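Open the model in your viewer and keep the selection tool at hand. The tour goes stop by stop.

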Amino acid sequence: MTHQWNEPPPFMNFPISRRTFLIRAAAFAGCLLLPPLRPVLSSPKSFPPEVMAARQALLNSYQNTLKSFLSRGQLPIIDVEQHWGRKVPLAELLAKMDRNGVALTWLGPNERNGNVSSLEDCRQFPDRLVPTTIGGDGPRWHGKDLSLIQELQADVRSGAYFSMGEFEARHYISSTNNRNIHMPLDSESFQGVFQVAAETGIPLLLHHEAEDALLPELEKMLSRYPKADVIWCHVGRNRDPKTWTRLPTPEGVRQFLKKYPNLYFDIVQSGPGSVFPPTGAHEAILYETGNGSPRLKEEWRHLFNVFSDRFVLGSDVNPGRWEGYDKVMSRFRAAVLSVLAPATAEKIAFQNAWRLMSGENWT
Ligand SMILES: [Zn+2]
């Protein structure tokens, strides 16, 4: 039944006490004051009260950090994809973040260091680093070790983490590792990850090569778990124009975004000079290089402006690509953020990530 504004609310149709009326009226007024929801967040992110209080304390300190950047006139970035291997002191990461206007980093540890390592590291910089679980990148994940999934689920349900991953489905050999593997998205392991994401509202990062033949297994999961917020990493990349024909165009991405409201993308980190050796493909297809410096192609710029709530930024820096951090961030600023509508740039730089990690729109 739909409620008409000119009728009394349904609860006024029968006698209630004055106290009940006041409580309900306050709740009703509260609803009217809520900001309009942009994509409806899929889950309540509800944990026991003491856990919610601890999460809120952290969110308050993150919010203060973002506001301090804004008050200095600097557009803050939230880096959602940092593969932290504990190979250098954390202070070096903080120095890089400061240099590049990165306010917050979702600190994703590898399988070997484990979930708790992110908690330990983030405690050292509780206003800058965001607890994140491991990704699926190691022998236990790829060996389909289900005890890893049980540990992951228990840790996510504890409420101590704000994001998960990046989990590898199909993964080609990359510049810094030789994992040529495929963990199917409908495997029991991935079902466990999607399930806990849907249950808790904690977003997950996904790595999946966008071959046409590999899309159905992801689409099946996006449909089966509509409450799981999925950040598919590295959009704007095409590693094989022969087999990647459907997704990696702006039109293909647009169709996925329209079809799957729970899907987000992080924007590819590599520049136009980057070649994927097995195919020779220039993989970062979203840029043009007219005068030598990369610039977003018009059709991608249009896509980001239209679906401005659905893209985030991740450095994808790991110990092997550590030295590339400054370049990645300055490219995001110069080639992407600076050519977008200002409101879109703010969403992609930090507001969308904020919404995913907090469950609240940035205000
Ligand atoms: Zn990846």
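What follows is a list of selections, with a short note on what is there.

**Before you start**

This is a predicted model: local features need pLDDT of at least 70, side-chain atom pairs count only at pLDDT 80 or more, and totals for chains, interfaces and linings use all residues. Residues are numbered from 1 along each chain as its sequence is written.

**The whole protein**

Show everything as cartoon. The secondary structure comes to 12 helices and 14 strands. Helices (H or I, at least four residues) and strands (E, at least two) are DSSP runs, numbered from the N terminus.

Now colour by burial. Buried residues make up 39% of the 363 residues. A residue is buried if 20 or more other C-beta atoms lie within 10 Å of its own, exposed if 12 or fewer, and partly exposed in between; the C-beta atoms are placed from the backbone.

Next, contacts. Two residues are in contact if their C-beta atoms, placed from the backbone, lie within 7 Å. Among contacts between residues at least 6 apart in sequence, 76% join residues at least 24 apart.

**The core**

Select Val-130, Val-193, Leu-204, Leu-206, Val-230 and Ile-231. These have the most contacts inside the largest nonpolar core, which has 85 residues. A nonpolar core is a set of buried Ala, Val, Leu, Ile, Met, Phe, Trp, Tyr and Cys residues joined through C-beta atoms within 7 Å. In soluble globular proteins, nonpolar side chains tend to be buried together.

Stay on Ile-231. Which residues is Ile-231 in contact with, leaving aside its neighbours within four places in sequence? They are Val-80, Pro-203, Leu-205, Leu-206, Tyr-264, Phe-265, Asp-266 and Val-312.

**Strand 3**

Select Leu-129, in strand 3 (residues 129–131). Leu-129 counts as buried because 24 C-beta neighbours lie inside 10 Å. Not counting residues up to four places away in sequence, Leu-129 touches Thr-105, Leu-107, Asp-121 and Cys-122.

**Helices 6 and 7**

Select residues 146–157 and 188–200. The axes of helix 6 and helix 7 come within 9 Å and cross at roughly 5 degrees. Axes are lines fitted to C-alpha atoms, for helices over the stretch in contact, and angles run from 0 to 180 degrees between N-to-C directions. Helix 6 and helix 7 are therefore roughly parallel to each other; angles under 35 degrees count as such.

Show side chains at the contact. Helix 6 brings Leu-146, Ile-149, Leu-152, Gln-153, Val-156 and Arg-157. Helix 7 brings Glu-188, Ser-189, Gly-192, Val-193, Val-196 and Thr-200. By class, the residues divide into six nonpolar, four polar and two charged. Ala, Val, Leu, Ile, Met, Phe, Trp, Tyr, Cys and Pro count as nonpolar, Asp, Glu, Lys and Arg as charged, and the others, Gly among them, as polar.

**Helices 9 and 10**

Move to helix 9 (residues 250–259) and helix 10. Their axes come within 10 Å and cross at roughly 15 degrees. The pair is therefore roughly parallel. The contact is made by Pro-250, Val-253 and Arg-254 of helix 9 and Glu-299, Trp-300 and Leu-303 of helix 10. It has four nonpolar, no polar and two charged residues.

Step on to Phe-307, in the loop between helix 10 (298–306) and strand 14 (311–312). Is Phe-307 buried or exposed? Phe-307 is buried, because 20 other C-beta atoms lie within 10 Å. Not counting residues up to four places away in sequence, Phe-307 touches Arg-254 and Leu-257.

**Two positive phi angles**

Most residues other than glycine have a negative phi. Select Arg-86, whose phi is near 60 degrees. Arg-86 sits in the loop between strand 1 (77–84) and helix 3 (90–99). With 14 C-beta neighbours inside 10 Å, Arg-86 counts as partly exposed.

Then select His-234, with phi near 75 degrees. His-234 lies in strand 8 (residues 230–235). His-234 counts as buried, with 24 C-beta neighbours inside 10 Å.

**Last stop**

Select Asn-180, in the loop between strand 5 (170–171) and strand 6 (181–182). Asn-180 counts as exposed, with 11 C-beta neighbours inside 10 Å. Not counting residues up to four places away in sequence, Asn-180 touches Tyr-172 and Ile-173.

Terms used: Parallel < 35°, antiparallel > 145°, perpendicular 65-115°, else oblique.
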